[in-house]
Each structure stands twice: as structure tokens, then as C-alpha cells.
2 protein chains.
Amino acid sequence: MEFVVIGGDAAGMSAASRARRLMPDCKITVLEKTLDVSYSACGMPYNIADPVREIDDLVVRQAVVFREKQKINLLTGRCATKIVPGENMVKIVTLTGKTTDIHYDKLLIATGASPIIPDTPGFDMEGVMGLKTLDDGRKIKSYIKEKNVKHATIVGMGYIALEMSEALRERGIDVAMIKPRPEFMPRMDRKIADVIKDTLISNQVALHPGHEIERIEQAGKTFKVVCADLTLETDMVLVAIGVEPNNQLAVDAGLKTGIKGAISVDGNLRTSNEDIYAAGDCADAIHVVTGRKTWIPLALRANRAGWAVADNIAGKNLALPGVAGTSVFKMFDLEVARTGLDFKDALDAGFNPAVVTIKSRSRAHAHPGASQIHVHMIADKASGKLLGVEMVGKEGVAHRINAPAVALHAGMTIDEFLQCDLAYAPPFSPVWDPMLTAANQLLKKL
Amino acid sequence: MEFVVIGGDAAGMSAASRARRLMPDCKITVLEKTLDVSYSACGMPYNIADPVREIDDLVVRQAVVFREKQKINLLTGRCATKIVPGENMVKIVTLTGKTTDIHYDKLLIATGASPIIPDTPGFDMEGVMGLKTLDDGRKIKSYIKEKNVKHATIVGMGYIALEMSEALRERGIDVAMIKPRPEFMPRMDRKIADVIKDTLISNQVALHPGHEIERIEQAGKTFKVVCADLTLETDMVLVAIGVEPNNQLAVDAGLKTGIKGAISVDGNLRTSNEDIYAAGDCADAIHVVTGRKTWIPLALRANRAGWAVADNIAGKNLALPGVAGTSVFKMFDLEVARTGLDFKDALDAGFNPAVVTIKSRSRAHAHPGASQIHVHMIADKASGKLLGVEMVGKEGVAHRINAPAVALHAGMTIDEFLQCDLAYAPPFSPVWDPMLTAANQLLKKL
């Protein structure tokens, strides 16, 4: 058996490692176009925040371990340029331009996703950067240091943009954030979005929603970010308006793609070609709430899907049940978490959503040090089922979201969730956990 | 409708308040033998830790609110001495010894639980105290202050004992803990128990397991706690060897009691008499994992059961699904949490338990500030079902336990739990949450 993996990060290296454990005699080759494999991309904002730490701290397992201990034929600096499904063959080009090709019995496409960079003039300049690979992280860190960056502009106001706003403020850099649409975090509940917005403002982050960038201009040692009615002078631009799946190889090979261009896979992570699998940020998934295809590129799913590919190749026939879209991020002193559907998702999926947003406390009545916690909860009026939860607060949010995530996997109704026996002690929550308070309020609307 | 409640804390006042909301015209009477109602008993250790705060800070809702706003006939200092089911009547004695009686259409027994005080000589002295009521808390606080307590001995090593060890150390009091059985926390996983033990020792708490107390003697201004081969000199003794349900009224009235003497109730909280309900720490419950009766006196259940009694009296026919025994406590810098069955519970319930204990990290690879987190997980070999989880760590344990608690309510297998889409961000967990790592290891043993 020859197993070839394109892409050497979360999904790819998880698949390669597990394939080795399951199939000691399998020939396993990983093609990685950069020189980095197996790193924590999600850790980059926190690493960038710290001028002392090396970006290479984020490497989870060294290439030498894969090569020598696991006997994986790990080829870095090798870009797969074409898949030829009829011949079970991948064409490769090296960093020096040499071409070659490799045969596979089973192939995994784990090419990940890339930051969307607009076509707008000036976005191709040095100093205007996205953040996805370890090399992106290196570039940003060295740019900050070498150019002595005092002001940065972040284009976009999503999770990565928000995490990076904290990272840059930590380094003493003034931060402006800009995006075309006027509403701040339009998909989130308004009260929760307001808590996030207030925290940005109190940390001196300048917010400029509702401004479409016309161009970025070089202006001596700095840049001008030019909109119709606003010009920002800045030393560096970080582009964080979202990511898109790296699907080109799959498209060229005639594989089926679907939602947002992600490579379409079945529960076993198999593409429309029976010898080719896809996993990680380039592939789609089933949403456990809707039962429909979704594209939610997140690290846990990438690792899990990588494992499942190895299991399937080894003959285990492992189908993954799907994702709930559970995610969390830290921003200044806030924890922000979500799982399941938001209101618009719920409408789009044909549900009749009832919503509630409650404000509660992170600790019990009379326990010192409590802070506010907001819980937004969505249920379907027809079935009574829990559809999604959003939360924000200064403590106890990150792990709290996992309880409704499990409830979504179990298909629980609000009534069933409300009856769950959750933990209580005064330092950690009121007797009625804020999630139960939300469920109780929501039940009245069903 | 005349609704009478015996006991004015969590279950009783929850029931009375909700009954008022559901039945504006109902005559509601609450009999409370102390002068305190509606307080956070669980908050007492934290309050005792702070010499400045008043114990009365723990009152959640003032008696005047129940009386004037909710028109509840709240009678404090009134002890119910006898229930006469044939006459739907409760006999009462006041603090001054006056007797009277009151008629009910529906009665709720919410008498709670009391600390077990051994028959051993000396346990009846002033300065040898249990902790359950607000008055107990007052007594302990004033005793510490007035006697200028420098050394305290805690009898028992359960949750309350451990919480109190921190509270007393916070006040600069030397603490010794003593109990008859040699093993520290015998029902917990050994590794998790060791983490707790090490933390006690590093906080200068002297542990003396394996010592049966023969007597406590007064010795001038101090006490001697005398065992066969150990004598502790101490200024104060806190007895925290467990609690027992206050079932006397129920027993005398011929109501059915069961496990550990708790008043036996059905899913609707009804006792063996159709006009009499029981809720809170005096009543039993169904365990969601075993489907059998259990007695786990905890605050959330008490509140929830109080509500359910009101719902049932109002004609809603609300059956509670049961408890998972989810609990958490803080001790020094540790969070300790559990849900479901422990190993012995699992054996007793007829399961064939497989167990695993893993050590993981509270934050991602390379994220600064991470600490250890231990997860102990139990599953049934026959069905593959999750049976219980224990955890200990310095952060992220308290709320993490709620995810497996929900899984227990849903009856999930380990495999199903392992596939749950949990939240990940580097400040909060590794990509594979420690619970998923435990589930993955446990799956190999099934």
C-alpha cells in the first residue's frame, strides 16, 4: 500500500502518523510545499504577542521524528501541482523547480485553507500580510521588529482579526480595525457583540466598520489605507477577512466541491474519487444540527478527520458523525464561545427559531470577584430542540460551551438540557448555571 | 388550596416562590425552625475564610420579600414536630414552646440534611461544631474571633472538610485533618486523590488518616483530640464526616424512606402519601446512569426539585429525569470535579467497568502558563457507555465536567462522546481536549 498525503499540518500529519501505527508496512509519503510541518497555527496570535518567543515554538512534532521514528517519507518544499486520478499519480515540483511524480494507492488532500486577499490595489505590497502558515507568522514578527511597527491596521473583524488586535496591543502597537460592512459581528447576538466591541474600545482599538478600502498606498516608510471618506496612516496591514479552502488541485482533478468551494467528502472523508480522501480546512463536513453540508475550518476537526482517513484506509470503515461548529477565542480579558447554529443559520436551515439572551454572573450570589456572563440560546419552536449557543464573559465561558455542544450531538431538546445535572460551587457559577437560566427563559418562548 | 412547606432553604423556598407564581390564589405557608431562610449554604466556607464579610451576606432573598412581595406566610422560628397524614395536619412548636397546628391540602417536606455528629465523648462540647445552617456558620465565625483560634482540627476529609481546610488556612489558622480510615479519598481515583493530598500538604495542612478518635477533652482553653496513638492539641474542632437526611418527621408519619434514610419520592417528588412531597437534601432521586435510587444532596437538585413540586401541585405533572451526581469544589489552587459513577458505584450497579486516568495540559502545546490536568474516566465494557468522570487541575476543570454530565443524561457511549465537537483555542486546552484524550484511551480498553 502506498499512501500519499498532500499537506503536512494538522489533518495531513495526523493521518500519516495514525496510518503508520495502524499499518506498519505501508509506504507513507507526505508532500508539504513549505518547510514546516505539524505546527499549531492557532497559537500564532499568542506567539506574535510575545517578542521573545520563537515562532518555531509552535512546532508540535519535529520533521525528524516523523522521518526517523515513524519512517514517514516526509518531503518538505515539495508542491503537488496536479493529481491525475486515472493514473493514481501526483505531479510534484520542488522549490528549485525540479518536477517529478509519485504513485499512490490512496491519496489524502489536506491542503488546508488560505487567507482571502482582495484584488484591491496595494494588497500585494510587502507589509500587507495574511496569517495562516508558520511562514506568515515569521514574516509578521520580523516585520514588526525590523520596521519598528508603531501602528497596525487590521482589515476584517472576525476571530483571527480580534485575536490579533490583542496580540498587537500587547506589543504596544496602536491598532485600527476596518471592514466594509457597517455592523460589528453581524452574525452574533447584538448584546454579545456589544460586550466584545466595548472591550476593544476600552483597550484603545480604533474600530472603523462601514469603510470599503479603495487602495493601499506606500507613503515613505508607512502606508496609507485609503477609503472614500477615511484614510488611515499605518506601518503594517494585516488582512484577516476570512479564509478559503485550498481546492485548486481537487478542482483540476475533477473532484466534486461544494459549499464555499470546499472539497466534498462523505462521512468516511472520501471524495468523489474512491481512492482520494480530503480532510482538514480544505474539506467539508456534515453539520450535526442541520444534517446538511457545512464548511467550518477548525483544528479539532482537522485532527479528527486526519485520524479517520487513516482508519478508513486501514479498513476500519469509520464514519464521522459531523461537526457542531464549536469554537472559542480569547480577546483581552474576554472569553467568547459558540456552538451550533446562529439565528441566520437556523432560518436558512428551515427552523423556526426562538431566541433568548440572558445576563448572569460567573460566580454565586455573594461570592467575591464575580463578573458578567451573557448567554444567547436558540431553539426550534417546532421540535423544541436546542440549535445553538453563544456566550461571552471574563471567566468560565471557554469550557462552559462544551456542555451545549454535547447536547447538540445528542439532539437534546431545551427541556432535556434544562434538566441536566450541572456542577455548582460558589466560585464557579450561580446554583442555576447561566446556561440553565437561559434554557429556562427560552423554554417559555417555545 | 393550602400548601404548607416544612423547611425554608433551597428546596422549600424555591417551591414556595414558584407555587406563588403559578397559583396566585393559593395559601402558602412555610415553617422554618431557625430564623434564616433562603441562603447559600455552599457559600459558607468562602465566607468563613473572610473575617470582614458578614454571614448574612449569604442570604439570597430576605424574608420580607417572601412575606410582603410574594404574600407567602413565612413562619420562622417554628418547628414542625409531627405530621398527621390522616388529618392533613402538621403540629408546630414555636421557639418559646407554644404549640399549634396547621392544615394542608398539599405538604412539602424540605427539611434538608444535618451533619453527622458521632456519639464519641466530647463531641457535644462548645467548640466542637458541624457546618450546615447559617447559624452553624455564625457560631464558627464568632468562635474563631472570640477565642482567637490558632489551630483547628477538622474531623473528616470529604468535600466540606477540604473546602474548610482552605478557609481556615486563609485565616492563618493551623489545620489538622483526621479520620478513621487509612486511605485518603478512598472513592476517588488514586492519581487524582494524590494531587489533592499533595496540595493539602504543600499548604501546610497536617493529614492524619487512620486515626479513630476516642474522645475529645477540654484542656484549659484548648482541646485534646485523643486517639489510641495520637493526640492533637487544638483550639476548635470542626466535624465534617458527612451529612444525613432529616427524615424524622417523615419516618414518624409512616412515609417510606430508602437509601441512607432519605425520604423516598417518585419522579414527581411525591412521597408514599399522595398529598405529601419531599424535595432537597432530605429526599432521594433516581440516578440517570443506573436508573436506581440514589441520595446525593446537592444544591441544584434541591432548587430544581422545589420548582418541580410547585409545578406538580399546580397540575403540570412534571417528572424529573434524575441526577448525575455532578459536583465540583475548589481547594486552594485546585478545582476538583466529578460526574456519574465512581468505580465502586459502577461495580455495585452491575456494570463491568473499564477505567483510564490520563494526564494532560490545561492549555495548548507551547502556550505559556499551562498546568497539569488529570482526567479519570469510566465506561461499561458491555455497552460501551460512559459511566463517570473525575477531574482535577488548577484551571478549566469546574466547567469542563458539564460536558460529560450532559453526555450521561444523553446515555452516550464513549465512542459518541469521543466524536463530540468541543471547543479549542490555545489558552484553554490542547487541540484534543483532555476529556477526548481520556475517551480515546478508554475506547482501547472496551
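Is Cys420(B) buried or exposed? With a relative accessible area of 0%, Cys420(B) is buried; buried here means under 20% relative accessible area, exposed over 50%, and partly exposed in between (1.4 Å probe, protein chains only).

A few ground rules for all the views: this is a predicted model, where local features need pLDDT of at least 70, side-chain atom pairs count only at pLDDT 80 or more, and totals for chains, interfaces and linings use all residues. Residues are numbered from 1 along each chain as its sequence is written, chains are lettered from A and ligands numbered from 1 in the order in which they are written, and side-chain values use heavy atoms, with hydrogens and water left out.

**View 1. Cysteines without a disulfide.** A disulfide is a pair of cysteine sulfur atoms within 2.5 Å, and the count over all chains is zero. For Cys420(B), the closest cysteine sulfur belongs to Cys420(A), and at 12 Å that is too far for a bond. Cys227(B) is buried as well, at 4% relative accessibility.

**View 2. A three-stranded open sheet in chain A.** The order is β4-β5-β6, with antiparallel pairing. (Strands are DSSP runs of E, at least two residues, and helices are runs of H or I, at least four, numbered from the N terminus; two strands pair if DSSP finds at least two bridges between them.) β4 (78–84) and β6 (99–103) of chain A each have a single partner strand, so one side of each has no neighbour in the sheet. From one strand to the next the twist averages 30°, taken between N-to-C directions of lines fitted to C-alpha atoms, on a scale from 0 to 180 degrees.

**View 3. Zooming in on β4(A) and β5(A).** Six bridges join β4(A) to β5 (residues 89–94) of chain A in the antiparallel sense. Look for Lys82(A), whose bridge partner in β5(A) is Lys91(A).

**View 4. The largest cavity.** A cavity is a set of points on a 1 Å grid over the protein atoms alone where a 1.4 Å probe fits but cannot get out, and lining residues have an atom within 4 Å of a point. There are six cavities of 30 Å³ or more, and the largest holds about 90 Å³ of space. Its lining has 15 residues, and among those closest to the centre are Gly280(B), Asp284(B) and Arg301(B). Helix α8 (residues 299–313) of chain B gives the most to this lining, with three residues.

**View 5. Pro353(B) in strand β23 of chain B.** Pro353(B) lies in β23 (residues 353–361) and is buried, at 9% relative accessible area. Lys381(B) is 28 residues from Pro353(B) in sequence, yet 5.9 Å away in space, C-alpha to C-alpha.

Notes
1 Å grid on protein atoms, 1.4 Å probe; cavity = no way out; pocket = protein on both sides within 12 Å on 5 of 7 lines; lining within 4 Å. Points joined across faces, edges and corners; volume = space filled by probe spheres on them.
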